Amino acid sequence: MTLTVASWNVNSVKARLPGVVDWLKSAEPDVVCLQEIKCQDEDFPRMEIEDLGYNVETVGQKSYNGVALLSKRPIDEISHRVLPGKEDEPQARYIEAVISGESGAVRVASIYLPNGNPSPGPKYDYKLDWMARLKTHAGALLALEEPVILAGDYNIIPRDDDVFDAAAWAGDALIREESRDAFSAIKWLGYTEAFEQVDGRAHQYTFWDYQAGAWPKNNGIRIDHLLLSPQAADRLDSVEIDRGPRGKEKASDHTPIIGTFRL
DNA sequence: ATGGTCGGTCCCCGA
């Protein structure tokens with residue numbers, strides 16, 4: 001028995017609904033972490049997703065941001081709807097749930113980390129502050145000694161091998177040294193970044209800009225990640241990027257990444 | 001040669 005956990009920034013769930021439904025039907029992931037749903041909770045196409053066999057939990061916001069968790073397994077508890085550390089956070093960027101595993105609980109979060117551009121500036125400061133909060137919370141989760149999967153759009157290009165041309169992105173908030181250091185700091189707590197721990201993987205992307213023919217030229221970046229606690233990393237079978245949805249009509253600029261776990 | 005992106009919302013902002 002395996003548990004598949006996907007992460008996908010859909011860039012508006014309403015604009016993407018036919019594509020999302022098609023993908024859920026064909027890929028049949030057990031758990032899906034969505035980002036940038038760009039709607040309030042009451043406007044989420046809940047019934048269309050529930051009809052596919054998913055439990056649905058959302059943290060929505062008008063126009064911007066917004067995250068959701070879809071799960072075929074029972075959701076035992078929503079442990080957080082805001083990233084701890086700033087409870088009056090106005091931006092919908094975090095939801096964390098406890099999901100029933102084959103042998104105990106699995107904790108899954110859908111994360112939409114701030115973009116941070118332009119940098120430097122207040123938006124970049126917000127990104128780094130948000131990452132510091134994430135580090136604190138991720139550390140606290142490790143103490144539970146549970147399988148934890150922190151999945152989402154991190155807006156971080158971890159290595160130069162995760163971008164078609166690092167020079168073209170120099171100075172961008174997604175690639176700056178401070179951004180990478182903040183991401184590394186979370187990993188150093190004891191988290192494994194699922195995709196990069198597989199040897200020899202380079203220049204496989206999860207995002208291609210709408211502009212300048214980035215998709216046909218494969219001018220992409222890898223910014224959607226699964227961070228795993230040791231108890232989740234031990235049970236990871238494989239992790240893959242599914243480029244299919246990016247090539248469809250009315251595509252999101254991101255495509256899903258899927259981890260398969262013995263959980 | 002020129003223009004060359006989306007989505008949501010309100011005529012511009014965020015990515």
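Predicted model: local features only at pLDDT ≥ 70, side-chain atom pairs only at ≥ 80, totals over all residues.
1. Residues are numbered from 1 along each chain as its sequence is written, chains are lettered from A and ligands numbered from 1 in the order in which they are written, and side-chain values use heavy atoms, leaving out hydrogens and water.

2. In strand β2 (residues 31-35), five of five residues are buried, where buried means under 20% relative accessible area with a 1.4 Å probe and protein chains only; strands are DSSP runs of E of at least two residues, and helices runs of H or I of at least four, numbered from the N terminus. Val31, Cys33 and Gln35 point one way, and Val32 and Leu34 the other way.

3. Strand β1 (residues 3-9) pairs with β2 in the parallel sense over five bridges, pairing requiring at least two DSSP bridges between the strands, and Val5 has Val31 as its bridge partner in β2. On its other listed pairing, β2 is joined by five bridges to the antiparallel strand β4 (residues 67-71), in which Val67 stands opposite Gln35.

4. A separate description concerns an open sheet of six strands, ordered β5-β6-β7-β8-β12-β9 with mixed pairing. Because β5 (75-80) and β9 (192-193) stand at the edges with a single partner strand each, one side of each lacks a neighbour in the sheet.

5. Two bridges pair β9 with strand β12 (residues 224-228) in the antiparallel sense, and Thr192 stands opposite Leu228 in β12.

Terms used
Buried < 20%, exposed > 50% of the residue type's maximum accessible area, 1.4 Å probe, protein only.
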